[in-house]
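Subject: Handover of a structure

Dear colleague,

Please find the structure below, together with a short account of what was found in it. I would be grateful if you would read the two side by side.

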Amino acid sequence: MSTLNHPPENPDIRALKGRALSLRRKMLNMASGKGEGYIAQGLGMADCLAALYFHELRYDPADPKWQDRDRFLLSTGHYSIAMYAVLAEAGYLDETELPTYGLNGSRLPMSTFDDIPGVEIVGGSLGHGLGQAVGMSMALKVDGSPARVFCEFSDGELQEGSTWEAAMGAATFKCDNLVGLIDCNGIQADGPVTVKIDPVADKFTAFGWDTVEVNGNDMEALVSALANAREQDGRPKAIVMRTTPGFGVPTLMARERAHFVRVDNSEWDSLKAELEKENG
Amino acid sequence: MAEALHAVGRTRGMGELIDVEGKVTEIAPFGRTLAELAHERPEIVGLTADMGRYSDILPFRDAHPNRFFNVGMAEQDLIMIAAGMSKAGKIAYCTTYSVFITRRAYDFVSIACAHSMANVKIFAGMPGLVNGYGATHQATEDINMMRGIADLTIIDPCDATELKQVVRAVADIPGTVYVRSLRGKVPVELGSDYKFEVGKAKIIREGRDVGVISTGYMSARARDAADAAAGQGLDAAVLHVSTIKPFDKETVLSFAQRFDRLIVAENHKTTGGLATLVIEALYEAGIMKPLIKIGLADSFFECGSQEYLEAKYQVDLPRFVRAIVEGR
């Protein structure tokens with residue numbers, strides 16, 4: 001195991017859960033009054049993002065292009081609400097900018113673009129993230145950089161053939177500085193995931209990845225999986241995360257599983273109250 | 001350049017140009033120049049999608065094995081990996097056939113590369129009828145497709161002299177570049193004084209009677225046809241538009257204004273390529289002149305040798321001479 005780039009030996013799980021709650025608060029505030037959005041996916045990813053940005057990743061918000069930074073690629077650009085929340089929490093964005101999310105003329109549109117500090121790629125055209133992560137991983141290896149690459153992509157995105165081209169490439173080029181974070185939330189644009197995707201973990205294992213499957217809303221499990229993914233044994237790492245859309249807000253968790261959730265303007269205050277009650 | 005790099009003759013390999021008889025050629029100018037340049041530029045990496053041999057990138061592989069990557073038959077992955085490497089500080093030169101870059105990996109060139117101004121330099125092999133494997137392998141609409149991508153630079157070099165300059169120049173052109181590459185024994189057509197400049201069309205033959213506007217290796221053919229037509233009393237000038245995008249409208253218009261009739265020639269369909277660009281520019285400027293388009297119809301094309309295909313689809317030397325001399 002490399003000695004480079006190690007996060008603290010003893011993660012502060014309580015503090016990380018606090019960060020996840022803060023991200024969820026930010027997301028609800030950003031979505032409030034918009035009537036629509038990818039709030040459910042964002043809430044589902046909050047724990048993963050908290051574990052990454054406040055434990056695992058090495059970065060400097062004052063120097064977003066630091067060459068030896070760890071890269072986080074959000075392939076599902078429509079999860080931008082979660083990305084902006086964590087970028088604000090981490091200090092890349094000013095929190096006062098968050099309410100402009102999704103508004104005309106905003107720097108924080110409904111999908112992520114790489115002109116935003118801390119955003120590495122243009123996300124949203126699904127199937128674009130993993131291959132670029134492989135390329136970054138290869139380039140960093142050529143340079144002997146200690147930096148690592150973390151790429152989020154989703155179960156729906158596994159239907160894109162380019163994802164599997166990239167999965168083969170990652171194993172071929174021994175991208176053990178690459179961690180794939182596969183958000184399996186069970187939904188896609190038309191509703192529940194329609195194509196037979198499972199067994200996801202077995203597929204990645206068969207493609208030559210070191211794979212583990214966890215509850216993506218369990219902070220201890222996420223931190224443990226990320227720690228195991230540090231091993232530099234020639235294999236890319238896959239963490240298959242089973243997440244619950246809307247996690248932390250029971251009404252949204254119970255709502256019909258939809259890609260683009262509709263929320264009446266009158267509902268937001270009660271949703272925020274639910275989040276506080278759940279974490280009370 | 002060492003003597004061994006040059007050859008005179010007609011024996012051709014896969015995807016080599018036919019215009020070699022009696023001409024000096026250079027072997028693999030793309031890959032050899034890239035290998036040289038990479039000694040000066042350590043940030044250069046080279047990639048292919050199982051088309052190393054047929055894109056001429058192997059001299060780079062041999063000189064810089066640790067910076068060469070064959071991603072297999074996976075063109076989407078080729079472009080994604082190139083984009084990712086560029087975003088980690090590399091200049092990524094990548095190669096495969098034009099058809100697979102354009103038709104298969106379009107979204108990735110557009111969004112993963114061009115939208116991010118990624119330093120990806122695509123050397124797309126065997127454009128147009130250079131490939132004899134039929135419609136599956138003939139990129140006859142690639143200019144049309146690629147010119148639709150914002151912030152993408154598109155270059156169609158004429159010969160070995162220009163291609164070598166392009167290999168070096170693109171390293172310093174910001175963002176993503178699509179080059180219609182030439183492989184194998186590539187003819188040396190342009191003089192040693194020729195200077196490629198991105199975005200600049202160049203007159204490669206002066207003349208008084210007819211103005212030929214052309215791109216790619218068709219510019220050399222236009223010049224050869226003009227030389228042949230001179231014996232029949234017609235003096236044609238040739239404007240070589242090697243950069244398709246950004247399009248040098250200013251030079252094209254000033255050139256077109258000098259002549260009573262025009263010819264536009266390209267190794268591409270006459271829809272959506274150079275002819276369309278020229279006609280758009282002329283119309284907007286209020287210039288209406290007789291104009292002959294030499295290029296391919298809006299069709300799929302059959303398999304065959306380049307000689308056979310070019311004669312059948314009327315882009316060969318006699319077609320050029322007829323257009324210049326007879327105006328039809």
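**A residue in strand S7 of chain A**

Val212(A) counts as partly exposed because it has 19 C-beta neighbours inside 10 Å. A residue is called buried if 20 or more other C-beta atoms lie within 10 Å of its own, exposed if 12 or fewer do, and partly exposed in between, with C-beta atoms placed from the backbone. The model is predicted: local features need pLDDT of at least 70 and side-chain atom pairs count only at pLDDT 80 or more, while totals for chains, interfaces and linings use all residues. Residues are numbered from 1 along each chain as its sequence is written, and chains are lettered from A and ligands numbered from 1 in the order in which they are written.

Val212(A) belongs to strand S7 of chain A. Helices (H or I, at least four residues) and strands (E, at least two) are DSSP runs, numbered from the N terminus. Leaving aside residues up to four places away in sequence, Val212(A) touches Ala225(A), Asn228(A) and Ile239(A); a contact requires the C-beta atoms, placed from the backbone, to lie within 7 Å. Between the C-alpha atoms of Val212(A) and Met241(A) there are 8.6 Å, although these residues are 29 apart along the chain.

**Helix H7 of chain A**

In helix H7 (residues 219-228) of chain A, the residues Met219(A), Leu222(A), Val223(A), Ala225(A) and Leu226(A) are buried. Seen down the axis of H7(A), these buried residues fall within an arc of 160 degrees, so they line one face of the helix. The arc is that of the directions from the helix axis to the C-beta atoms. Their cover includes helix H1 (13-31), helix H2 (39-56), strand S7 (210-215) and strand S8 (237-242) of chain A.

**Where the chains meet**

In chain A, 21 residues are in contact with 24 residues of chain B. Helix H4 (129-142) and helix H5 (161-172) of chain A each supply at least two residues of the side that touches chain B. H4(A) gives the most to that side, with ten residues.

**Chain B as a whole**

Chain B has eleven helices and 15 strands. Its C-alpha atoms fill a box of roughly 55 × 45 × 40 Å, taken along the principal axes. Of the 328 residues in chain B, 58% are buried. Among its contacts between residues at least 6 apart in sequence, 78% join residues at least 24 apart.

Yours sincerely

Methods: Contact = placed C-beta atoms within 7 Å.
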